[in-house]
Amino acid sequence: LKDIMRDICESGGAIFFSTHVLDVAEKLCNKVAIIKEGRLLVSGKMDDILREGDSLEDIFMEVAVNAKRD
C-alpha cells in the first residue's frame with residue numbers, strides 16, 4: 001500500500017491519509033496537519049514543521065500540550 005501511495009504522489013496525484021501512527025505519516029507524507037478536538041493546530045510541509053532532531057510525535061506532543069493551555 002505504501003508503494004502504491006508513493007507511486008500516485010510521484011505521478012502528480014494526492015492522497016488524503018488520516019492516521020494516528022505518526023512515524024508512518026512522517027515517512028510517507030510531504031505535508032501534514034495536526035488536528036485536536038476539531039481544531040487545526042499545525043499544518044504545512046513536513047520539512048517546514050519538523051525541526052532538526054525532532055520527530056512528528058515530538059511536534060504533536062508540544063502543540064497538543066500547548067493547545068490545552070489556550
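Biologist: Before we start, what counts as a salt bridge here?
Modeller: A side-chain nitrogen of Lys or Arg within 4 Å of a carboxyl oxygen of Asp or Glu. Keep in mind that this is a predicted model.

Biologist: Fine. How many salt bridges does that rule give?
Modeller: The count is three.

Biologist: Start with Glu62. Which residue does Glu62 pair with?
Modeller: Glu62 forms a salt bridge with Arg51, and their closest N and O atoms are 2.7 Å apart.

Biologist: Where do Arg51 and Glu62 lie?
Modeller: Arg51 is in the loop between helix H3 (46–49) and helix H4 (56–69), while Glu62 is in helix H4, so the pair ties together parts eleven residues apart in sequence.

Biologist: And Asp54, what is Asp54 bridged to?
Modeller: Asp54 forms a salt bridge with Arg51, with 2.9 Å between the closest N and O atoms.

Biologist: How exposed is Arg51?
Modeller: Arg51 is partly exposed, at a relative accessible area of 41%. Asp54 is partly exposed too, with 24%, and Glu62 is partly exposed with 36%. Through shared partners, the salt bridges join Arg51, Asp54 and Glu62 into one network.

Biologist: Switching to the other end of the numbering. What does Asp3 pair with?
Modeller: Asp3 makes a salt bridge with Arg6, where the closest N and O atoms are 3.6 Å apart.

Biologist: Which element holds Asp3 and Arg6?
Modeller: Both are in helix H1 (residues 2–10). They sit three residues apart, about one turn of the helix.

Biologist: Is Asp3 buried or exposed?
Modeller: Asp3 is exposed, with a relative accessible area of 54%.

Biologist: New topic, Lys36. Where is Lys36?
Modeller: Lys36 lies in strand S1 (residues 31–36). Lys36 is buried and has no salt bridge.

Biologist: What is the nearest side chain of opposite charge to Lys36?
Modeller: That is Glu37, 4.8 Å away.

Biologist: Why does Glu37 not count as a salt bridge partner for Lys36?
Modeller: Because the rule asks for a nitrogen within 4 Å of a carboxyl oxygen, and Glu37 is 4.8 Å from Lys36.

Biologist: What is Lys36 in contact with, leaving aside its neighbours within four places in sequence?
Modeller: With those set aside, Lys36 is in contact with Leu41, Ala64 and Lys68.

Terms used. Residues are numbered from 1 along each chain as its sequence is written. This is a predicted model: local features need pLDDT of at least 70, side-chain atom pairs count only at pLDDT 80 or more; totals for chains, interfaces and linings use all residues. Side-chain values use heavy atoms; hydrogens and water are left out. Helices (H or I, at least four residues) and strands (E, at least two) are DSSP runs, numbered from the N terminus. Buried means under 20% relative accessible area, exposed over 50%, partly exposed in between (1.4 Å probe, protein chains only). Lys and Arg count as positive and Asp and Glu as negative; His and the chain ends are not counted. Contact means heavy atoms within 4.5 Å.
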